[in-house]
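Have a look at it with me before reading on.

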Amino acid sequence: MNKRDYYELHRQLSKEERKDLFVQYKETQDPGLRDILIEEHLYIAEILAKKYANRGIDYDDIFQVASLGLIHAVDRYDPAKGFEFSSFATPTIVGEIKKHFRDKGWTIRVPRRIQELSKKINNAKVFLAQNKQSIPTVGDIAQYLEISEEEVLEVMEASKVYSPQSLDLSYDSGGDDQDFSLLDILGEDEEYFSKIELKDFLDRAMEELNEMEKTILVDRYYHKKTQVSIAEKLGVSQMTISRMEKKILEKMKKIILRNMK
C-alpha cells in the first residue's frame, strides 16, 4: 500500500472495517496496517491505564506499559477465532500493567523483613476489621501479631513507599465525625471500562437470536417496556412474552458461557 492508501485508512474506522483490517494484517503482516490498528485501539490502553492511575506510579508510565500490551495483542490477535479484539486485548494489557506494578511497586529498596511484615499487617487489618466491624488500631494489630506497636508503626511508615494502597483504607476527616477513604477522593473509573468485554460477549450472543427474540430482549431490557406492551406490539399474549423471555435469557446465558470457554 502507498502513503495515500494509509492516509485514507488512518481515520475513525467502523467496527466492520476494523475486522477487515485485522484480517488483512493477519495475511500480509503489513507494518503500515499494524500502525493503524494500534492507533485505532489506543483508547483501550488509555481506559485501562486510567484504571490503575493514582497508585504511586506515573500515569504516563502506566500508559506506556498499557500501549506495549496493546501492541502485543495486535500482533497475537487472530480474527478467525471469532472473539472481538477488545475482549482479547483487555486481559493482555491488564497483565502487562500488573506485571509492571509487581516489578516497580517498591519505589525504594525496603528490607525483606519489612516487606514480609507489611503483608502480615495488611492481612491482620482485613481480618480484624471483619471481626471487629471497625478499623483496627495500631494496638489491635500489634496484639494480634504479637509484636510491638513501634514495629507496626515502623512498617506502616515504610510501606508508604509501596505504591498500591487499599482504596477502602479509611482516614479521619479531622473536622467532623465522618471518615473518608482513598476511593472517595480519587477520580471515578472510566465509565465503559467494566463493560468492554461484557458488551462484546453480548453482541456475539445477540447474533444468534432471531428477530423476534432480539425485539423482546431489546424492548424489555433496553427500552424498559412491559411484557404487556411488547405483547400488544407483536400481537401475542402477555403469557407468551413471559415464556419467551425466560427462554431467551436462558439461551443467552448458554451462548455467553460457551463463548467464554
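**Entry 1: ground rules.** I am working with a predicted model, where local features need pLDDT of at least 70, side-chain atom pairs count only at pLDDT 80 or more, and totals for chains, interfaces and linings use all residues. Residues are numbered from 1 along each chain as its sequence is written, and side-chain values use heavy atoms, leaving out hydrogens and water.

**Entry 2: the whole protein.** I looked up the secondary structure and found 14 helices and two strands. Helices here are DSSP runs of H or I with at least four residues, strands are runs of E with at least two, and both are numbered from the N terminus. Next I checked burial: of the 261 residues, 32% are buried (under 20% relative accessible area; exposed is over 50%, and partly exposed lies in between, with a 1.4 Å probe and protein chains only). The protein exposes about 17,200 Å², and 51% of that comes from carbon and sulfur atoms; the areas come from the Shrake-Rupley method with a 1.4 Å probe. I also looked at contacts (heavy atoms within 4.5 Å). Among those between residues at least 6 apart in sequence, 56% join residues at least 24 apart.

**Entry 3: α3 and α5.** How do these two helices pack? Helix α3 (residues 31-40) and helix α5 (residues 59-76) have axes 10 Å apart, at an angle of about 130°. Axes are lines fitted to C-alpha atoms over the stretch in contact, and angles run from 0 to 180 degrees between N-to-C directions. The pair is therefore oblique; angles under 35 degrees count as roughly parallel, over 145 as roughly antiparallel, 65 to 115 as roughly perpendicular and the rest as oblique. At the meeting point I noted R34, L37 and I38 from α3, against L70, I71, V74 and D75 from α5.

**Entry 4: H72.** I stayed on α5 to look at H72. This histidine is partly exposed, with a relative accessible area of 24%. Leaving aside residues up to four places away in sequence, H72 touches T92 and E96. I also checked I93, 21 residues from H72 along the chain: their C-alpha atoms are separated by 8.4 Å.

**Entry 5: α7 and α8.** The axes of helix α7 (residues 112-132) and helix α8 (residues 138-145) come within 10 Å and cross at roughly 110°. That makes α7 and α8 roughly perpendicular to each other. From α7, the residues that meet α8 include I121, F127 and L128; on the α8 side I found D140, I141, Y144 and L145.

**Entry 6: one side of α13.** Which residues of α13 are buried? In this helix (residues 227-234) they are Q227, I230 and A231. Why the same side of α13? They cover an arc of only 105° around the axis, which puts them there; the arc is that of the directions from the helix axis to the C-beta atoms.

**Entry 7: positive phi.** Most residues other than glycine have a negative phi. I found E146 with phi near 60°, in the loop between α8 and α9 (149-158). E146 counts as exposed at 73% relative accessibility. K224 also has a positive phi, of about 60°, although it is not a glycine. K224 sits in the loop between α12 (211-221) and α13, and is exposed at 65% relative accessibility.
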